[in-house]
Amino acid sequence: MAAMIGPSQTIKTALQPTLSHQRGHCRLYQTPISTLTTENWCRRRSITVASCSLHHNSENSLKSHCEKLVHEFNPEVPIEKALTPPSSWYTDAAFYDFELDRVFYRGWQAVGYTEQIKEPRDFFTGRLGTVEFVVCRDEKGKVQAFHNVCRHHASILASGSGQKTCFVCPYHGWTYGLDGALRKATRITGIQNFNVNEFGLIAIDVAVWGPFVLLNLERKMSPDYDVGDNDLVENEWLGSTSELLKCGGVDTSLSYLFRREYTIDCNWKVFCDNYLDGGYHVPYAHKGLASGLELDSYSTTTYEKVSIQSCAGGSTERVGSKALYAFIYPNFMINRYGPWMDTNLVVPLGPRKCQVIFDYFIEPHLKDDKSFIEQSLIDSEKVQMEDIILCDGVQRGLESPAYCSGRYAPTVENAMYHFHQLLHSNLCM
């Protein structure tokens, strides 16, 4: 017969596993048994069970809360009668997490450009929501992408960009090939039930369209998939606009110049909304830019997941005869004007913060014209600073109790309404 253990007796085992909960996942942790009595163990076990139940109820409550906020926007009414999404879409912390899951962890997302992985062994890293990723070109020239997390104890493997022959964990030296395979696991003598082939880096689907590198965190394609298979990406990412963009000068013939990054104290959608107002704010906030555009010619056309704004240019060499502004849902912008192309990638950093990454390209015959490039960058920087001030002010206004929802200007803000309709569709999935 098993011995009975009294309420204050110490249980004679080495470690007692209990459950902890973090970000919706259960995990085991070990409690030193020297402090664990039968009474404490029973109490902790009951707390753990209650914690599971509370966490589950809390998750359902948050989901219901976010779904309620989603349905406060009506995407079905004509733009002339429509209200903009409620301010909670731009301020609520739970809604931000809900968006990451429904919008950014699904579908193709632009994350970089091919110049960053031009040669074998080139790599770059990034973060989208809670996802750390690394993109590289392996020794055979194949583009690869992985979660940038060591399989041993979760350390980030690589940072920044550059060249590597392998990824070595800075924590314990576990080493991975550019194909993701685990090549070396240090000091694991005596480990059991360990299959080296099961501990490679977790792959992410990657594709290339034109000069852009895309990731898809949701789908799983065949390992033999060709990342240059443009038909698949064109259909899913660009829909019917791929030829329009190619004809508009969005291609690989341009020379890459440099990158600029801006951290802005606003929700990522505030920056997108500002971009999508059909030039509405340009004569008021960007007088220098407005002088180089014929704003009366401004037009907007919406497609499946893309909207294209265009405007005739004036006499400035920087803007040229026509400017094209393409927004690719949910957070990528391509601006083609004169000899220039710049892209804006809006990376969400929190309910009230985002990073906007500008990459600049130019037609090859001007890549060595330093004075023209420097002056153009000054002009561009001025516009960005003006937009940052606008976006900061809008975010502060969204957090005011005086504001809930606004209205659309029907003749100019249809691209913004289209963006909000696409968001609503994703959030309802």
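Strand E9 (residues 175–176) is joined to E10 by 2 bridges, and the two run antiparallel. The model described here is a predicted one. One of the pairs can be named: Tyr176 has Leu182 in E10 as its bridge partner. E9 and E10 belong to an open sheet of 3 strands, ordered E8-E9-E10, with antiparallel pairing. Strand E8 (167–168) and strand E10 (182–184) stand at the edges with a single partner strand each, so one side of each has no neighbour in the sheet.

Strands of a sheet pair through backbone hydrogen bonds, in a parallel or an antiparallel way.

**The sheet of 7 strands**

Another open sheet has 7 strands in the order E13-E19-E18-E17-E16-E15-E14. Its pairing is antiparallel. Strand E13 (255–264) and E14 are the edge strands, and each pairs on one side only. On average, neighbouring strands of this sheet are turned by 15° against each other, direction ignored. E14 and strand E15 (residues 306–313) pair over 6 bridges in the antiparallel sense. Within this pair, Ser299 has Ser310 in E15 as its bridge partner.

**Where H3 meets H10**

Two packed helices are described by the angle between their axes and the distance between the axes. Helix H3 (residues 93–104) packs against H10 at an angle of about 85°, and their axes are 9 Å apart. That makes H3 roughly perpendicular to H10. From H3, the contact takes in Phe95, Phe98, Glu99, Arg102 and Val103. From H10, Leu423, Asn426 and Leu427 meet them. By class, this contact has 5 nonpolar, 1 polar and 2 charged residues.

**Spaces inside the model**

Rolling a probe the size of a water molecule over the atoms shows where empty space is left. A search of the whole structure finds 4 cavities of 30 Å³ or more.

| Space | Volume | Lining by class |
|---|---|---|
| Largest cavity | about 390 Å³ | 12 nonpolar, 9 polar, 4 charged residues |
| Second largest cavity | about 60 Å³ | 7 nonpolar, 2 polar, 2 charged residues |
| Second largest pocket | about 450 Å³ | 10 nonpolar, 6 polar, 4 charged residues |

The largest cavity is lined by 25 residues. Tyr275, Leu289, Tyr325, Asn335 and Val383 lie nearest its centre. Elements giving two or more residues to this lining include H6, strand E14 (293–302), strand E16 (322–328) and strand E17 (332–337). H9 gives the largest share, 4 residues.

The lining of the second largest cavity includes Val111, Gly112, Tyr113, Phe212 and Arg259. Strand E3 (108–113), E18 and strand E19 (353–362) each supply at least two residues of this lining.

The second largest pocket holds about 450 Å³ of space. Of its 20 lining residues, Asp273, Asn274, Val394, Glu413 and Met416 are the closest to its centre. Helix H6 (268–275), helix H9 (370–398) and helix H10 (414–427) are the elements that give two or more residues to the lining of this pocket. H9 provides the largest share here, with 5 residues.

Definitions and conventions:
Residues numbered from 1 in each chain as written. Predicted model: local features only at pLDDT ≥ 70, side-chain atom pairs only at ≥ 80, totals over all residues. Heavy atoms only, no water. 1 Å grid on protein atoms, 1.4 Å probe; cavity = no way out; pocket = protein on both sides within 12 Å on 5 of 7 lines; lining within 4 Å. Points joined across faces, edges and corners; volume = space filled by probe spheres on them. Nonpolar A, V, L, I, M, F, W, Y, C, P; charged D, E, K, R; others polar. Pairing = 2+ DSSP bridges. Axes fitted to C-alpha atoms, helices over the stretch in contact; angles between N-to-C directions. Parallel < 35°, antiparallel > 145°, perpendicular 65-115°, else oblique. Contact = heavy atoms within 4.5 Å.
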